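Colleague: Before I use this model, I would like to know what stands behind each term. Shall we take them one at a time?

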Amino acid sequence: MVVADDQAAVREPLAAVLGLAAGIEVVAAAANGTEVLAAVAEQPVDVVLMDLRMPVLDGTETTRRLTEEHPEVAVVVLTTFADDESIMAALGAGARGYLTKNAGRQDIVRAIRAAAAGQSVLDREVQDRLLATARSRSAADPRPLPTDLTPREREVLTLIGRGLPNRAIAEELFVSEATVKTHINNLFAKADIRDRADAVRRAMAAGLV
């Protein structure tokens with residue numbers, strides 16, 4: 001895995017501590033998104049523990065590029081920011097987990113292992129924020145999901161709502177990534193969904209996650 005944080009005082013101790021956990025090997029520590037992408041290009045990486053606020057290339061854009069270029073790499077965000085905009089941007093970019101820096105070592109280790117196994121892990125504070133946002137948005141915009149969504153399209157929306165990237169959705173449903181992309185295109189068109197972050201909101205508002 002790769003640990004990414006622009007502060008050496010955070011990055012280096014965190015990499016050292018995580019490297020002691022059973023089954024976790026830290027192969028690189030990065031100070032910005034460009035260093036993350038370089039590390040992933042040089043060696044096999046299954047998980048990146050990603051800070052959001054970094055110079056040169058921030059965590060959200062780095063997550064987006066990893067999702068597009070290295071879909072086998074799971075991103076777990078570890079940040080001090082738990083505002084709606086940061087959470088939705090990161091999940092919309094493809095992050096599989098989102099933790100605040102209040103998380104303990106064991107919480108971080110569990111999230112890393114879960115992400116490597118294709119699961120999504122959200123900090124309790126983050127879950128509460130998402131649920132509150134979903135409820136408020138649902139009240140403000142009560143559009144139900146269209147009735148002509150197929151069962152498979154609802155499954156795909158549920159998995160997007162859980163934060164899974166296309167590759168993980170394909171593995172979950174035993175189909176190709178191309179098939180997943182087709183379902184997503186159809187889903188977004190039918191439900192008037194703007195982007196992945198909007199899909200997460202709609203999935204939560206519909207009670208799918």
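Colleague: Which residues line the second largest cavity, and what makes them lining residues?

Modeller: They are Val3, Ala4, Asp5, Leu14, Leu49, Met50, Asp51 and Leu78. On a 1 Å grid over the protein atoms alone, a cavity is a set of points where a 1.4 Å probe fits but cannot get out, and a lining residue has an atom within 4 Å of a point. Strand S1 (2–4) and strand S3 (47–50) each give two or more residues to this lining. The model is predicted: local features need pLDDT of at least 70 and side-chain atom pairs pLDDT 80 or more, while totals for chains, interfaces and linings use all residues. Numbering runs from 1 along each chain as its sequence is written, and side-chain values use heavy atoms, without hydrogens or water.

Colleague: How many cavities are there, and how much space lies in the largest cavity?

Modeller: There are 2 cavities of 30 Å³ or more. About 50 Å³ lies in the largest cavity and about 30 Å³ in the second largest cavity, a volume being the space filled by probe spheres set on the grid points, which are joined across faces, edges and corners. Thr63, Leu66, Thr67 and Pro165 are among the residues that line the largest cavity; H3 gives the most, with 3 residues.

Colleague: How do the lining residues of the largest pocket divide by class?

Modeller: Into 6 nonpolar, 3 polar and 7 charged. Ala, Val, Leu, Ile, Met, Phe, Trp, Tyr, Cys and Pro count as nonpolar, Asp, Glu, Lys and Arg as charged, and the others, Gly among them, as polar.

Colleague: Why are S4 and S5 called paired?

Modeller: DSSP must find at least two bridges between two strands. Strand S4 (residues 74–79) and strand S5 (residues 97–100) run parallel and are joined by 4 bridges, so they pair. Leucine 78 stands opposite leucine 99 in S5.

How values were computed
1 Å grid on protein atoms, 1.4 Å probe; cavity = no way out; pocket = protein on both sides within 12 Å on 5 of 7 lines; lining within 4 Å.
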